[in-house]
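Please keep the sequence and the structure in view while reading.

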Amino acid sequence: MYKIINFLDWVGEKVGSLVSWISVVLAIIIGLDVVIRYVFRFTNVWMVEIEVYLFGMLFLLASGYTFKHEKHVRVDVFYSKLSKKGKAWVDLLGGICLLIPWCYVVIVSSWYYGLSSFLINETSAQPGGLPALYVLKFCVTIGFVFLLLQGVAHILKSIQIIVNNDK
């Protein structure tokens with residue numbers, strides 16, 4: 001079980017470090033867009049859309065990394081007062097009953113959403129917008145796959161804590 005957890009954590013770290021470069025590219029593009037817009041008094045639709053695409057990709061693809069480092073949104077009213085074993089039980093039950101089913105639903109439904117977009121070669125509805133809208137739509141699927149993998153690692157860690165009677 002340790003090897004599986006270590007492998008899934010390694011995947012999460014690698015994906016997180018790769019995806020972090022999207023924020024650098026996004027910052028550069030936004031900076032260029034601001035200069036072009038306020039100095040030269042024009043903008044391109046494709047540039048605005050690329051900003052939206054990159055932000056969406058960053059948000060979706062980094063979800064597993066965010067979960068791994070416990071930087072996701074959580075209601076800690078009761079959770080923070082629990083013992084390590086109590087937290088492990090909450091994480092285990094939450095992962096099995098909520099995270100895995102929700103990831104499955106989103107992965108399956110978004111796959112068909114992205115596939116249908118690909119099959120019709122969907123592009124932006126805006127004149128001068130970006131082609132290949134399906135790339136962003138498939139990022140929903142990929143992002144939830146990464147979240148699912150990290151969720152499985154988290155569930156396995158919870159099982160270890162429960163089994164080893166860590167307090």
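This is a predicted model: local features need pLDDT of at least 70, side-chain atom pairs count only at pLDDT 80 or more; totals for chains, interfaces and linings use all residues.

The expected span of a helix is 1.5 Å times one less than its number of residues. Helix α2 has 17 residues, and the distance from its first C-alpha to its last is 24 Å, close to the 24 Å expected at 1.5 Å a residue.

Which residues of α2 are buried? They are M47, E49, E51, Y53, L54, G56, M57, L60 and L61. The cover over these buried residues includes α1, α3 (63-68) and α5 (133-163).

The packing of α2 with α1 can now be considered in detail. Two packed helices are described by the angle between their axes and the distance between the axes. For helix α1 (residues 2-39) and helix α2 (residues 45-61), the angle is about 160° and the axes lie 9 Å apart. Because angles over 145 degrees count as roughly antiparallel, α1 is roughly antiparallel to α2. The crossing in which α1 passes α2 is left-handed. On the side of α1, the contact is made by V15, V19, I22, S23, V25, L26, I29, I30, D33, I36 and R37. On the side of α2, it is made by M47, V48, I50, E51, L54, F55, M57, L58 and L61. Sorted by class, the contact of α1 with α2 comprises 16 nonpolar residues, one polar residue and three charged residues.

Two further residues of α1 deserve attention. W21 belongs to helix α1. Is W21 buried or exposed? Its relative accessible area is 57%, and W21 is therefore exposed. W21 and L58 are 37 residues apart in sequence, while their C-alpha atoms are 8.9 Å apart in space. D9 also belongs to helix α1. With a relative accessible area of 13%, D9 is buried. When its neighbours within four places in sequence are left aside, D9 is in contact with K68, Q150, A153 and K157.

Another pair of helices remains to be described. The axes of helix α4 (residues 84-119) and α5 come within 8 Å of each other and cross at roughly 160°. The helices α4 and α5 are therefore roughly antiparallel to each other. In passing α5, α4 makes a left-handed crossing. The residues of the contact of α4 with α5 divide into 26 nonpolar, eight polar and four charged.

Key
Residues are numbered from 1 along each chain as its sequence is written. Side-chain values use heavy atoms; hydrogens and water are left out. Axes are lines fitted to C-alpha atoms, for helices over the stretch in contact, and angles run from 0 to 180 degrees between N-to-C directions. Helices (H or I, at least four residues) and strands (E, at least two) are DSSP runs, numbered from the N terminus. Angles under 35 degrees count as roughly parallel, over 145 as roughly antiparallel, 65 to 115 as roughly perpendicular and the rest as oblique. A crossing is left-handed if the near helix is turned anticlockwise from the far one by less than a right angle, and right-handed if clockwise. Contact means heavy atoms within 4.5 Å. Ala, Val, Leu, Ile, Met, Phe, Trp, Tyr, Cys and Pro count as nonpolar, Asp, Glu, Lys and Arg as charged, and the others, Gly among them, as polar. Buried means under 20% relative accessible area, exposed over 50%, partly exposed in between (1.4 Å probe, protein chains only).
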